[in-house]
Amino acid sequence: MSASVPQGHNWARQVRKEEEEDDPLDQLISRSGCAAAHFAVQECMAEHQDWRQCQPQVQAFRDCMREQQAKRHEELQRKKEQASAHP
């Protein structure tokens, strides 16, 4: 009697390309308009392996995110004011 040998479970999870693209952090950075600055930080870190050598890139990313957050805050304030002006 020849019984088939079970192959076992494949616990290794295969990451699909779509899942890589659906990373919430990547989506947030892309929507912020600061993706280029973020990638510059990543490239610098990959090259130097030392965040201290990447301070110009880190500062540019920080400035970009700060500017985007300020714009978003202003937009939310405008919407709030418009909503309260038109009950």
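This is a predicted model: local features need pLDDT of at least 70, side-chain atom pairs count only at pLDDT 80 or more; totals for chains, interfaces and linings use all residues.
## Overall picture

Helices (H or I, at least four residues) and strands (E, at least two) are taken here as DSSP runs and numbered from the N terminus. On that basis the protein chain has four helices and zero strands, and its order along the sequence reads α-α-α-α. Residues are numbered from 1 along each chain as its sequence is written, and side-chain values rest on heavy atoms, with hydrogens and water left out.

Accessible areas come from the Shrake-Rupley method with a 1.4 Å probe, and for residues only the protein chains shown count as cover. The protein chain exposes about 7,900 Å² of accessible surface, and carbon and sulfur atoms account for 53% of that. Of the 87 residues in the protein chain, 15% are buried; buried means under 20% relative accessible area, exposed means over 50%, and partly exposed lies in between (1.4 Å probe, protein chains only).

## The annotated CHCH span

An unreviewed UniProt entry carries the annotation "domain: CHCH" for residues 34-66. UniProt positions are given in the numbering used here, feature names are shortened, and annotations may be inferred rather than shown by experiment.

## Two disulfides

A disulfide is a covalent bond between the sulfur atoms of two cysteines. In this model, the working rule is a pair of cysteine sulfur atoms within 2.5 Å, and by this rule there are two disulfides. With the bonded cysteines of the protein chain numbered in sequence order, the pairing is 1-4, 2-3.

The angle about its S-S bond is -90 degrees, and the link of Cys34 and Cys64 is left-handed. Cys34 sits in the loop between α2 and α3 (35-48) and Cys64 in helix α4 (residues 55-85), so the pair ties together parts that are 30 residues apart in sequence. Cys34 is buried at 1% relative accessibility, and Cys64 is buried as well, at 18%.

Cys44 and Cys54 form a disulfide too, with their sulfur atoms 2.1 Å apart. The link of Cys44 and Cys54 is left-handed, with -95 degrees about the S-S bond. Cys44 belongs to helix α3 and Cys54 to the loop between α3 and α4, ten residues apart. Cys44 counts as buried at 6% relative accessibility, and Cys54 is buried with a relative accessible area of 0%.

Helix α3 has 14 residues and spans 20 Å from its first C-alpha to its last, close to the 20 Å expected at 1.5 Å a residue. That expected span is 1.5 Å times one less than the number of residues in the helix. Ala35, Ala37, His38, Val41 and Cys44 are buried in α3, and the buried residues of α3 pack against α2 and α4.

His48 is also found in helix α3, where it counts as partly exposed at 32% relative accessibility. Not counting residues up to four places away in sequence, His48 touches Gln53 and Cys54; contact here means heavy atoms within 4.5 Å. Gln49 follows α3 and lies in the loop between α3 and α4. Phi of Gln49 is near 55 degrees, a positive value in a residue other than glycine. Gln49 is exposed, with a relative accessible area of 63%.

## Ser32 at the end of α2

Which helix holds Ser32? Ser32 is found in helix α2, which covers residues 24-32. Ser32 is buried, with a relative accessible area of 11%. Leaving aside neighbours within four places in sequence, Ser32 is in contact with Met65 and Gln68.

A polar atom of the Ser32 side chain lies 3.0 Å from the backbone nitrogen of Cys34. A polar contact is a pair of N or O atoms within 3.5 Å; within protein, one must be able to donate a hydrogen and the other to accept it, and residues adjacent in sequence count only if both atoms are side-chain atoms.
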